[in-house]
Each structure stands twice: as structure tokens, then as C-alpha cells.
Amino acid sequence: MRIEQLEYLTAVTQHGSLRRASEKLHLSQPALSEALTKLERELRVTLLDRRRSGARISREGRELLPYMSDVLAAVERLRNAAGDRRTDARVIRVGTVHAATSTLLIPAVRAFQERHPGTTVEVLTLQQSQIDEGLAEATLDLGLVNVLDGDDAPVGLDGIDLLHGRPVAVLPAGHPLTARPQVSIEELRQERFVMMRPGYVMHRYVHRAFGPEVPPAAHSTDGAEMGKALVAEGVGVTVLPDYAVIGDPLHRVGMIEARPIAGDQTFLTLQLRQRKALQQPLPVRELQAALTARAAEYRAAGASASAAS
């Protein structure tokens with residue numbers, strides 16, 4: 001067994017196929033396939049389910065993945081101790097529902113790249129179920145998701161709470177409802193509405209808050225970023241977590257406004273998820289630390305603003 005074989009398997013699970021993994025590794029596909037076949041023979045298990053659509057890690061492979069990750073993490077620590085800087089040259093894949101992108105994710109990535117200029121952070125916009133699946137299958141390193149009161153992380157995943165907030169009505173500048181300190185559900189029901197598609201927590205929240213009389217969707221979209229852009233252009237109004245709006249560039253320049261929803265007691269949490277009981281590589285741990293530090297700064301800034309007002 002060679003360390004390279006474990007790295008090859010990780011690459012296949014991350015990139016979803018032998019072809020894409022071979023391109024990233026600068027290795028021919030037949031050579032990659034042969035190396036993994038030899039590893040399967042040595043371990044006497046089928047590590048990959050090979051299909052026309054691509055190779056995915058098998059059930060047996062998922063069971064062994066934490067042990068392989070421990071070996072690779074130990075090798076990385078050894079290389080770091082020996083001063084081998086090549087361990088920075090890797091890709092970290094982060095799945096996000098696009099909550100707090102400009103207020104948390106982008107500043108954290110900026111701080112991280114100063115320490116790891118050779119590491120690429122690949123950000124993928126996905127639905128929450130896709131993020132959880134990607135983490136479980138090791139095609140993602142970290143995930144950022146919104147959760148409602150009572151939601152738990154799936155079995156096998158750990159959740160770290162980064163930000164807590166409340167749903168807010170997101171309105172375009174100059175909208176009549178911006179004159180109100182709060183906006184009611186009934187008032188929102190009368191507006192053209194930008195709905196998050198099924199699979200997002202805010203879609204579930206809207207159905208919970210509005211009951212059977214959900215406002216007719218003028219448009220539907222994936223993720224908060226496009227939702228805010230549509231609101232800024234006057235297409236409609238929407239509802240998002242306050243931490244996805246307050247401090248956003250569109251909010252700072254006055255193109256969108258946020259108002260609390262009258263009588264609503266819902267709490268939302270931005271959660272950082274990763275595989276449980278897994279020793280992550282050093283760059284992944286440092287990106288996680290950067291996200292946690294940026295979340296603490298955002299909370300402190302919000303507390304200072306509240307105290308000043």
C-alpha cells in the first residue's frame with residue numbers, strides 16, 4: 001500500500017469520476033484506475049462503484065474513509081514538521097447555501113488565503129441535502145447551511161453554530177413597507193414574492209410562517225445571493241436570515257432594506273458542518289478557524305451596533 005493510492009482515492013471521491021481525478025492529478029486515467037484496483041485487491045474490498053456516470057465511493061469505501069483520512073492527516077503533519085510546503089497545494093471544497101456569503105464566507109476565505117496562498121478554495125452553491133450528502137461521501141470538506149429551531153445535523157456529521165439570527169423581510173429601496181419598523185406576514189402576502197426553491201430552509205420557513213396561503217411566487221431561485229439581487233432590481237420581496245442581509249454590499253449601499261417580521265419568534269442558525277470524528281488536513285482546519293473567527297467578529301460588530309443604538 002502506498003500513500004499515493006490513498007490520495008488517489010480521495011481525489012476520485014472529491015471530483016466524482018476517474019476522468020476528472022486523473023486530470024487534477026495529472027495522471028493518465030488507466031494508470032489511476034490500475035493503482036486503485038491494486039489497492040482494492042490488497043484490502044480485499046471494493047472501494048469504488050464504477051458506473052457510466054462516474055466512479056463514486058462504495059459503502060465499504062465510506063466505512064474505511066475515516067481511517068484513510070487519519071493516515072493522510074498524519075502524513076501531512078509529518079510533512080509540515082519537516083517543512084514541506086507542498087502540502088498547501090490542494091483544493092478545499094466548500095458547499096454553501098449562500099447564506100452570509102459577503103459578511104462571513106468571503107472575508108474568511110480572504111484571511112485564509114493570506115496564510116495558504118497555494119491552496120484553492122472551491123465554493124459550490126448547493127441545496128442543504130446535497131451538502132450533507134457531499135460531506136458524507138467526502139466530495140466536500142466543509143458545508144455552510146441554515147437550520148431552523150429543532151433541526152439536528154445528520155448522523156455522521158458535526159455541526160458548529162457560527163451565527164444566530166431571525167428571519168427578516170428583504171425589501172427594495174424606496175418600497176412603501178420600508179417606512180414601517182416591522183412588516184407583518186399579511187403585508188408580505190400581498191407582495192410579489194421571490195421564493196427560495198424547495199430544498200432550502202427558507203422555503204420551508206415561508207411555508208411554516210404563511211401557512212396554507214403562501215404568497216404567489218413571482219420568481220423562484222437558488223440561494224440568498226440571487227434572491228437579494230432580484231429584490232434590489234425591484235422584482236419582488238423575499239424573506240432571508242438577517243445575517244444574510246445586514247452588512248451585505250447591497251444593504252450597505254442602500255439598494256435593499258431589512259425589516260423584522262412582526263410577531264415572528266423563529267430563530268435561524270448558520271451552521272458549519274463537517275464529517276464527524278475525522279482528522280481534517282491542516283488547511284481545512286485553518287479555513288474552519290478562519291470562518292469561526294470571522295463569525296465572532298460579525299457577532300461582536302452586531303453587539304456593538306445594538307449597544308450604540
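The model is predicted, with local features needing pLDDT of at least 70 and side-chain atom pairs pLDDT 80 or more, while totals for chains, interfaces and linings use all residues. Numbering starts from 1 along each chain, and side-chain values use heavy atoms, leaving out hydrogens and water.

The largest cavity has a volume of about 100 Å³ (a cavity is a set of points on a 1 Å grid where a 1.4 Å probe fits but cannot get out, and lining residues have an atom within 4 Å of a point). Of its 13 lining residues, V97, N146, Y200, V201 and M202 sit closest to the centre. Domain 2 (88-162 + 270-308) and domain 3 (167-266) each give at least three residues to this lining.

Turning to the helices, α2 (residues 18-25) and α3 (residues 29-43) pack at about 105 degrees, their axes 9 Å apart. They therefore count as roughly perpendicular (65 to 115 degrees). On the α2 side, L18, R19, A21, S22 and L25 meet Q29, L32, S33 and L36 of α3 (contact means heavy atoms within 4.5 Å). This contact involves five nonpolar, three polar and one charged residue.

Definitions and conventions:
Axes fitted to C-alpha atoms, helices over the stretch in contact; angles between N-to-C directions. Helix = DSSP H or I, 4+ residues; strand = E, 2+ residues; numbered from the N terminus. Parallel < 35°, antiparallel > 145°, perpendicular 65-115°, else oblique. Nonpolar A, V, L, I, M, F, W, Y, C, P; charged D, E, K, R; others polar. 1 Å grid on protein atoms, 1.4 Å probe; cavity = no way out; pocket = protein on both sides within 12 Å on 5 of 7 lines; lining within 4 Å. Points joined across faces, edges and corners; volume = space filled by probe spheres on them. Domains from an automatic or database assignment.
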